[in-house]
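Open the structure in your viewer and keep the selection tool ready. Each stop below tells you what to select next and what is there.

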Amino acid sequence: MSQNDHEQFAQQLSELRHGIDELDNQLIDILAKRAELTSKVGEVKAKTGMPIYVPEREAQMLEKRREQAAERGVSGSLIEDLMRRIMRESYHTQNNRYRCINPGIKRVVVIGGAGALGKVFVGLFERSGYNVEILEKDDWSRADSLFAEASLVLVSVPINLTVDVVAKLNSLPEDCILADITSIKHKPLDAMMQAHKGPVVGLHPMFGPDAPGMIKQVVVVCHGRGASHYSWLLGQMKTWGATLFEVTAQEHDKAMAFIQVMRHFNTFVYGAHLAGENPNLNLLTQLSSPIYRLELAMVGRLFAQSGQLYADIIFNNPENFLLLKRFHQRFGEALSILDKGDKAEFIRQFNGIGEWFGDYAKTCLVDSKRLLLKADDDQMLRT
């Protein structure tokens, strides 16, 4: 290539890049204007009580944008990814204020409201116009005066303290709602039913304190007593963007044994093995594909949090130990297949487990590919 050709290509490249920069600038301007509109949408929703997140509206919008992309020769998947990210941001710009579903509520008392998850609920209630008071462990001298005008008492304390705290709540106003947001439900719900004769409901927010709110989040509802009295609370959470899932406390805890206990304990052992073997973590992440970096990140994430919290979850129910022992037994049985060098048996069991998962396994394969493409952007999860 001659010097003249090189200069011409350089000039063409510079002009093309300038055109891209101009389009990027326009895109930012468009996003800013869109944010202004979504903020106004949020104001309207706050006045009318409409939920921030409307699944049907989102699905229709995404489908329409994919069709438009196809007509223009643009990847529908690309447009969907962009729109989902843009909409997620717009949901957060809409949640400055929410409609107060029940203006007649005198006072909401959040026990443990200064804690991480408690703060999320305090913020949501305050942005909905409720009178909110926080009760911490050093505030019990004024508890009676706070409870006297309470329409809702929400317990947000560590699992190991929940039952003891609930036992103190035996003098609440008869029409006051007593609720908790603990990740186990049977024991807390039973304790609330015994301590309080009025409305009782157990809640489990399926998200952590780092979530910006309830938009697109699931909250498990375990009914106790007086559902008609706390229906406004469930409606308020829907207004905040939550999806409610109703289940009994026993069913909830049995499911959590698989969802939380087994996974947390397995991760604990995995972490203990890594610490014992002492490999170079930086080298492991550099040599790992996105899926393994993500798995390693989930292990590391556990140990960045409270050991007390996970101990409470795992040690809460003796039945958890029996489940983990059965898991240990199956682990040993799998190792025996390796000891025998029986690849055929390994494949036979592998295929059998795949049949048990059925179509869900195929769905997971597709969904995980999408997730991993995002996780690998900008070398995400590399140390």
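Two strands count as paired if DSSP finds at least two bridges between them. Helices (H or I, at least four residues) and strands (E, at least two) are DSSP runs, numbered from the N terminus. This is a predicted model, in which local features need pLDDT of at least 70, side-chain atom pairs count only at pLDDT 80 or more, and totals for chains, interfaces and linings use all residues. Residues are numbered from 1 along each chain as its sequence is written, and side-chain values use heavy atoms, with hydrogens and water left out.

**Stop 1: the strands**

Select residues 200-205 and 218-225. These are β5 and β6, an antiparallel pair with six bridges.

Strands β6 and β7 run parallel, joined by four bridges. Val 219 faces Leu 244 of β7. Val 221 has Glu 246 as its bridge partner in β7.

Next, show residues 231-239. This is helix α8, which forms a right-handed β-α-β unit with β6 and β7. Right-handed means that, with the strands pointing away from the viewer, the path from the first strand over the helix to the second runs clockwise.

**Stop 2: a salt bridge**

Select Lys 216 and Glu 58. They form a salt bridge, with the closest N and O atoms 2.9 Å apart. Lys 216 sits in the loop between β5 and β6, while Glu 58 belongs to helix α2 (residues 55-71), so the pair links parts of the chain 158 residues apart. The structure holds six salt bridges. The cut-off is a side-chain nitrogen of Lys or Arg within 4 Å of a carboxyl oxygen of Asp or Glu.

**Stop 3: a nonpolar patch**

Select Phe 331, Leu 335, Leu 338, Phe 346, Ile 347 and Phe 350. Together they make a nonpolar surface patch of about 640 Å². Helices α13 (318-340) and α14 (343-357) each give two or more residues to this patch. Phe 331 lies in α13. Patch residues have over 30% relative accessible area and no salt bridge; nonpolar side chains (Val, Leu, Ile, Met, Phe, Trp, Tyr) are joined within 5 Å, like charges within 9 Å. Areas come from the Shrake-Rupley method with a 1.4 Å probe, and for residues only the protein chains shown count as cover.

**Stop 4: the domains**

Colour 3-94, 108-245 and 252-378 separately. These are domains 1, 2 and 3, with bounds from an automatic or database assignment. The C-alpha centres of domain 2 and domain 3 are 32 Å apart. Here 12 residues of domain 2 are in contact (heavy atoms within 4.5 Å) with 10 residues of domain 3.
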